[in-house]
Amino acid sequence: MFGLEKKDSLLLLIVAILTMCAPFILNPFPTDSGLAQFNAGYPDLMQRFVIFGIFAIGFNILFGLTGYLSFGHAAFLGVGSYSAVWMFKLLSMNIIPAIVLSVIIAGLFALVIGYVSLRRTGIYFSILTLAFAQMSFALAYSVLTPITNGETGLQLTLSDPRVLGVSATEDGSIPVTNLFGAEMRSAMDVAMGPWTFTFSVGYYVCAVAMLLAFYLSIRIFRSPFGMMLRAIKSNQTRMNYTGLNPRPYTLAAFVISGMYAGLAGGLMAAMDPLAGAERMQWTASGEVVLMTILGGAGTLIGPVLGAGLIKYFENIFSKINDNVLHGWFAFMPDGIEDFMVTLVHPFVGKGWHLTLGIMFMLVVIFLPGGLVEGGQRIGRMIRGRKARDAKSTATKPAE
Amino acid sequence: MDAILLQILNGLDKGSAYALIALGLTLIFGTLGVVNFAHGALFMIGAFCAVTLQRLFGLSFETIDETQTDFLGNPLKVKTPYVEAWFGPDFGATIIDWSVPLAILFAIPVMLVIGYVMERGLIKHFYKRPHADQILVTFGLAIVLQEVIKYYYGANPIQTPAPDALSGVMQVLPGVVYPVWRVVYFCFAVLVIGGVFAFLQFTTFGMVVRAGMADRETVGLLGIDIDKRFTLMFGLAAAVAGLAGVMYGPINAPNYHMGMDFLVLSFVVVVVGGMGSLPGAVLAGFLLGILESFASTTWATTTIPGINQIIIYLVAIIILLTRPRGLMGRKGVME
């Protein structure tokens with residue numbers, strides 16, 4: 001299917017089904033039940049899942065395949081957002097030109113930064129990308145205020161000169177982003193028994209974009225180009241001796257991953273047309289690194305899993321407060337209940353970052369292949385005896 | 001002339017902080033070959049040692065003071081810190097006032113232990129793993145440490161004032177007045193840096209460590225337990241970062257993300273100075289601190305807007321591209 005091997009097309013199919021049915025899958029609990037707060041099936045969050053999925057898939061093409069650890073990828077996300085919002089301000093509220101522009105601008109930006117940064121490898125490369133990203137952040141925050149609107153962030157206003165379209169709607173509000181008339185924020189609620197499922201246009205646009213991005217990344221992984229990138233990761237010196245110049249390949253990988261980040265930024269702005277400098281800070285780059293590693297760098301599905309997990313944690317786990325905890329442990333005697341609540345309290349709610357940090361450390365220490373490797377190990381354990389033979393042939397993530 | 005001098009002075013305190021953190025960072029890199037992204041967190045923990053001590057000294061009990069009444073005539077409750085009750089009001093108040101400098105004594109053992117535990121518990125297992133893994137695991141550790149601090153101390157900056165005697169301004173040179181504490185911080189940094197260099201230069205222990213930095217295997221073959229010494233060096237590096245943090249409190253109120261803020265900059269400093277080069281780290285620290293303060297002058301910001309924000313990164317990019325081993329780095333380190 002689409003020029004993929006059987007295994008890959010199966011994977012793509014599974015991902016497609018999962019993303020298309022996400023409003024059902026992420027809403028397992030009835031709306032009125034106490035567990036409803038674990039439902040993640042609302043449009044805002046689902047959009048974030050897939051958008052950060054795209055971001056992480058792109059990052060994985062650089063880090064997972066070539067092993068270049070960039071700490072500055074959030075800069076491309078930010079650039080993508082800014083260019084998309086400018087397109088909304090100047091041209092039209094249709095998201096297609098905005099996203100196209102954000103991908104192109106982020107690609108050009110990545111070309112410049114990559115051209116310079118890729119002269120160095122290892123930690124020097126990480127520091128260079130970090131320096132560039134912090135520089136762009138500082139510039140967006142202060143000097144480039146005419147373009148970025150400084151610390152307030154770039155927003156749409158009623159006086160925007162939209163060439164194709166109106167500055168303001170008839171009732172005097174700012175027009176909403178749309179795809180040939182289908183408004184991004186329009187959603188349809190379907191009630192089925194005690195469940196309520198929300199289908200939003202914005203989510204499905206993002207989901208289709210992610211599927212395309214995912215398909216493209218499979219093609220890149222399986223192409224001779226992807227093989228070349230893996231070769232660069234495993235031994236660059238040897239590559240040099242065979243007479244191959246790795247620079248064009250790494251640069252191409254860098255630009256591609258920058259364009260993915262630009263696409264993610266553009267989609268983010270398309271869902272909610274504003275852009276701020278915080279998106280470019282280095283901690284935001286750190287987040288995408290966490291996502292990729294957590295899921296499994298160098299694997300196809302890993303980054304998407306990691307992005308989903310972190311965003312789920314960020315939005316759902318952080319809502320658990322002491323009342324909820326007391327509800328959970330209510331069946332215990334009073335003293336033990338309070339003790340359990342104090343014990344769990346630092347890890348949930350506002351402290352979810354702590355859980356994230358610990359989880360991330362555990363993954364780096366014990367599961368260098370991320371959750372995907374964890375899944376493979378469990379699968380092997382279940383299959384029992386075969387494990388010993390399978391160990392030698394098991395697919396390892398690119399090193 | 002005075003203006004130039006003032007800018008140099010302005011840069012010194014920030015430069016001292018950069019130099020101290022970068023010194024520890026490069027010490028760890030030079031001895032163990034580990035890229036420690038948790039080093040900023042150690043700096044932050046140091047600062048919170050001072051906060052902790054300040055809180056401990058501030059612990060108080062309430063008594064009813066018959067001599068003071070509120071407007072209804074009821075006797076007022078007054079708070080007396082235990083320290084004042086134990087040591088007498090005058091001496092006790094002095095102790096409370098001097099909590100930041102006193103925290104140095106408190107921070108040294110704490111940081112040594114933290115460094116030792118960190119190396120034995122975590123870093124030890126990452127010597128053979130690629131640098132990317134080291135970066136990642138220490139980055140995770142930094143997040144964890146930062147969140148623990150945030151949980152216990154809250155997210156707001158906590159004021160840790162300098163002792164009254166050292167909190168005013170002084171005349172450094174005719175016509176140039178300058179906050180006393182910043183001068184103290186600079187002198188303290190010079191002392192610590194001098195101490196570390198003297199320790200490495202003049203003690204047998206330091207000599208072995210330096211030999212180990214040059215050729216670990218040979219030193220090991222001579223029958224010296226080099227691993228143990230390197231672990232101690234990690235503790236020492238942690239202590240240097242912690243001391244930098246302890247004394248930095250009065251300049252900038254400690255908060256839970258100060259570590260991450262300084263981390264990026266100190267890495268830039270290390271790279272500019274040359275990875276693994278101790279004098280390079282110190283030199284680059286002061287140099288970049290001073291450069292930053294020059295770039296913050298109104299003259300510079302009006303000529304090139306925003307230069308104060310980007311100068312350090314700009315310098316780092318230029319240095320990395322023209323002289324990848326840094327100002328004083330050896331050839332071939334991590335290239």
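Student: Which residues touch the most other members of the largest nonpolar core?

Tutor: A nonpolar core is a set of buried residues joined through their side chains. In this predicted model, the largest such core holds 225 residues, and A:I54, A:F71, A:L267, A:W282 and B:F37 touch the most other members. One of these residues, A:L267, is in contact with A:I51, A:I54, A:I99, A:C206 and A:A209, leaving aside neighbours within four places in sequence. Another core, of twelve residues, lies apart from the largest one; A:A40, A:F49, A:I316 and A:V348 are among its members.

Student: At what angle do helix 1 and helix 7 of chain B pack?

Tutor: Angles under 35 degrees count as roughly parallel. Helix 1 (residues 2-32) and helix 7 (residues 180-202) of chain B pack at about 25 degrees, their axes being 9 Å apart. Helix 1 of chain B is therefore roughly parallel to helix 7 of chain B. Their crossing is left-handed.

Student: Which residues meet where these two helices pack?

Tutor: Helix 1 of chain B contributes residues including B:L12, B:L20, B:L23 and B:L27, while those from helix 7 of chain B include B:F186, B:I193, B:F197 and B:L200. By class, this contact has 14 nonpolar, two polar and two charged residues.

Student: Is B:G276 buried or exposed?

Tutor: Buried means under 20% relative accessible area. B:G276 has 9%, so this glycine is buried. B:G276 is placed in the loop between helix 11 (258-273) and helix 12 (278-295) of chain B.

Student: What is B:G276 in contact with, leaving aside its neighbours within four places in sequence?

Tutor: The contacts of B:G276 are with B:T26, B:F29, B:G30, B:M213 and B:R330.

Technical notes:
Residues are numbered from 1 along each chain as its sequence is written. Chains are lettered from A and ligands numbered from 1 in the order in which they are written. This is a predicted model: local features need pLDDT of at least 70, side-chain atom pairs count only at pLDDT 80 or more; totals for chains, interfaces and linings use all residues. Side-chain values use heavy atoms; hydrogens and water are left out. A nonpolar core is a set of buried Ala, Val, Leu, Ile, Met, Phe, Trp, Tyr and Cys residues joined through side-chain atoms within 4.5 Å. Buried means under 20% relative accessible area, exposed over 50%, partly exposed in between (1.4 Å probe, protein chains only). Contact means heavy atoms within 4.5 Å. Axes are lines fitted to C-alpha atoms, for helices over the stretch in contact, and angles run from 0 to 180 degrees between N-to-C directions. Helices (H or I, at least four residues) and strands (E, at least two) are DSSP runs, numbered from the N terminus. Angles under 35 degrees count as roughly parallel, over 145 as roughly antiparallel, 65 to 115 as roughly perpendicular and the rest as oblique. A crossing is left-handed if the near helix is turned anticlockwise from the far one by less than a right angle, and right-handed if clockwise. Ala, Val, Leu, Ile, Met, Phe, Trp, Tyr, Cys and Pro count as nonpolar, Asp, Glu, Lys and Arg as charged, and the others, Gly among them, as polar.
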